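Here are my notes for a first look at this one. Keep the viewer open and go through the points in order.

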Amino acid sequence: MNIVLVEDNILLAQQFRRTLEKSGYEVYVSPHAVGAIDLIDEVHPGAIVLDMLLIGSTALPLLHEMQSHDDLARIPVIMVTSLADDLSFESLKPYGVTHLLDKTSMHPEDLIAAVRSVTL
Amino acid sequence: MKGSDNAQQRGVDYKSLSSLMIAAHELKSPLALLRQLALSLESEDLSESERREIAHHMKLVSERALRLTTDLTKAQRLEDGLFTLEPINPQQLCEEVAYEIAPLYRACGRELKVTRRQRPLLAIANKDLLRRILLNFADNALYYGDEMTPVELSVSARNNGGIIRLGIRDYGPALPADMWQSLGAGPRRPEQLHARPSSSGLGLSIAQQFARAMNGTVGTTRHRNGASFHVDIYASQQLTLI
């Protein structure tokens with residue numbers, strides 16, 4: 001199962017990638033939204049793990065773009081951010097966000113559990 | 001009584017409070033990463049080489065966070081004037097900065113190149129403050145440049161040799177206009193914190209304070225495929241006497 005990870009912190013991206021790969025997922029990383037769209041088109045992921053603050057933009061343009069395509073709108077999005085306290089999960093749901101994980105308090109297993117729950 | 005009046009009575013310093021919140025935001029990211037790495041060491045089934053790599057990353061991330069805390073402390077103490085300006089070789093300093101930050105760049109799969117000069121230049125600066133400005137720029141370029149592209153550090157003379165420019169060029173997405181406009185405005189208020197995604201601009205604001213303390217300036221150039229950040233400082237006239 002392919003997962004697209006959109007995370008601009010290179011070392012954190014490496015960490016999440018290692019965690020997901022150990023659980024059997026194939027992980028493709030983009031540090032910004034523009035690259036992520038190309039990657040999503042290319043690998044047709046089962047889920048997207050998305051940071052909110054990215055290089056050059058927030059995640060919102062990417063979420064908007066995905067919602068404008070029927071096939072992309074169906075891909076579940078797991079948002080992993082240090083801004084979880086400032087975001088409303090309810091307001092993100094219409095954008096396909098199924099989970100909102102807080103980088104400052106989450107456990108690696110939370111990420112695996114969230115991905116598993118949407119890719120089973 | 002209005003809230004602000006109340007706050008004034010209690011002696012709340014909003015400027016300090018804003019800076020504190022921005023600093024807290026900046027430190028959140030490396031601390032969250034350190035925690036993830038520690039949890040991974042604790043709970044994941046890792047090979048010996050993976051353990052060593054994670055431990056190395058923890059060292060690099062903590063060093064990066066400590067650089068920021070030291071910068072913040074130094075920025076607060078600039079007014080004490082406890083630093084000296086002296087002639088320094090900017091090319092050599094660039095080499096030292098590139099060497100110092102190379103482990104972090106390598107861990108991120110990036111490279112910091114120093115453009116070599118034929119003619120030596122001398123600048124008047126405080127070596128530690130200038131080093132910190134360059135480390136700041138280098139750190140910024142690492143996270144905002146595109147993967148697989150080098151970051152370039154260079155020294156050039158301007159204004160007929162009266163000014164020395166030390167600049168860092170990265171190749172990545174262009175910065176939003178609001179970020180550029182905000183440069184020079186000092187630390188931003190919390191409500192402006194996300195004008196540039198992923199960054200509060202605190203590092204650049206500190207760089208600007210350090211540059212001012214050396215009678216220098218910090219500037220930026222926006223490119224179609226990235227950005228340049230530079231610091232301009234006065235050249236030493238010592239070489240002209242030779």
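1. A term to start with: two strands count as paired if DSSP finds at least two bridges between them. With that in hand, look at Leu166(B), which stands opposite Val231(B) in E7(B). Bear in mind throughout that this is a predicted model.

2. Stay with that pair of strands for a moment. Strand E5 (residues 163-171) of chain B and strand E7 (residues 226-234) of chain B are joined by 9 bridges, and the two run antiparallel. As background, strands of a sheet pair through backbone hydrogen bonds, either parallel or antiparallel.

3. Now zoom out to the whole sheet. In what order do its 5 strands come? In chain B the order is E2-E4-E5-E7-E6, in an open sheet with mixed pairing. At the edges you'll find strand E2 (112-114) and strand E6 (217-223) of chain B, each of which pairs on one side only. From one strand to the next, the twist averages 25°.

4. Helix H4 (residues 90-107) of chain B lies across E2, strand E4 (151-158) and E5 of chain B, and runs at about 165° to E2(B). Helix H5 (residues 127-144) of chain B lies across E2, E4, E5 and E7 of chain B, and runs at about 20° to E5(B).

5. Chain B as a whole: expect 7 helices and 7 strands. Starting at the N terminus, its elements go α-α-α-β-α-β-β-α-β-β-α-α-β-β. Of its 242 residues, 36% are buried. Take the contacts in chain B between residues at least 6 apart in sequence, and 73% of them join residues at least 24 apart.

6. On to chain A, which has 6 helices and 5 strands, laid out along the sequence as β-α-β-α-β-α-α-β-α-β-α. Its radius of gyration is 13 Å, close to the 14 Å that the globule rule gives for 120 residues, so chain A is as compact as a globular protein of that length. Along the principal axes, its C-alpha atoms fill a box of roughly 30 × 30 × 30 Å.

7. How much of chain A is buried? The figure is 45% of its 120 residues. Among its contacts between residues at least 6 apart in sequence, 58% join residues at least 24 apart.

8. Where the chains touch, 21 residues of chain A are in contact with 23 residues of chain B. Which element gives the most to chain A's side? That is helix H1 (residues 10-22) of chain A, with 6 residues. Sorted by class, chain A's side has 8 nonpolar, 10 polar and 3 charged residues.

9. H1(A) has 13 residues and reaches 18 Å from its first C-alpha to its last, close to the 18 Å expected at 1.5 Å a residue. Its buried residues include Ile10(A), Leu11(A), Phe16(A) and Leu20(A).

10. Is Gly24(A) buried or exposed? It counts as exposed, because it has 9 C-beta neighbours inside 10 Å, and the cut-off for exposed is 12 or fewer. The C-alpha atoms of Gly24(A) and Leu63(A) are separated by 26 Å, with the two residues 39 apart along the chain.

Notes:
Residues are numbered from 1 along each chain as its sequence is written. Chains are lettered from A and ligands numbered from 1 in the order in which they are written. This is a predicted model: local features need pLDDT of at least 70, side-chain atom pairs count only at pLDDT 80 or more; totals for chains, interfaces and linings use all residues. Helices (H or I, at least four residues) and strands (E, at least two) are DSSP runs, numbered from the N terminus. The radius of gyration is taken over C-alpha atoms; the globule rule is 2.2 Å times the number of residues to the power 0.38. A residue is buried if 20 or more other C-beta atoms lie within 10 Å of its own, exposed if 12 or fewer, and partly exposed in between; C-beta atoms are placed from the backbone. Two residues are in contact if their C-beta atoms, placed from the backbone, lie within 7 Å. Axes are lines fitted to C-alpha atoms, for helices over the stretch in contact, and angles run from 0 to 180 degrees between N-to-C directions. Ala, Val, Leu, Ile, Met, Phe, Trp, Tyr, Cys and Pro count as nonpolar, Asp, Glu, Lys and Arg as charged, and the others, Gly among them, as polar. The expected span of a helix is 1.5 Å times one less than its number of residues.
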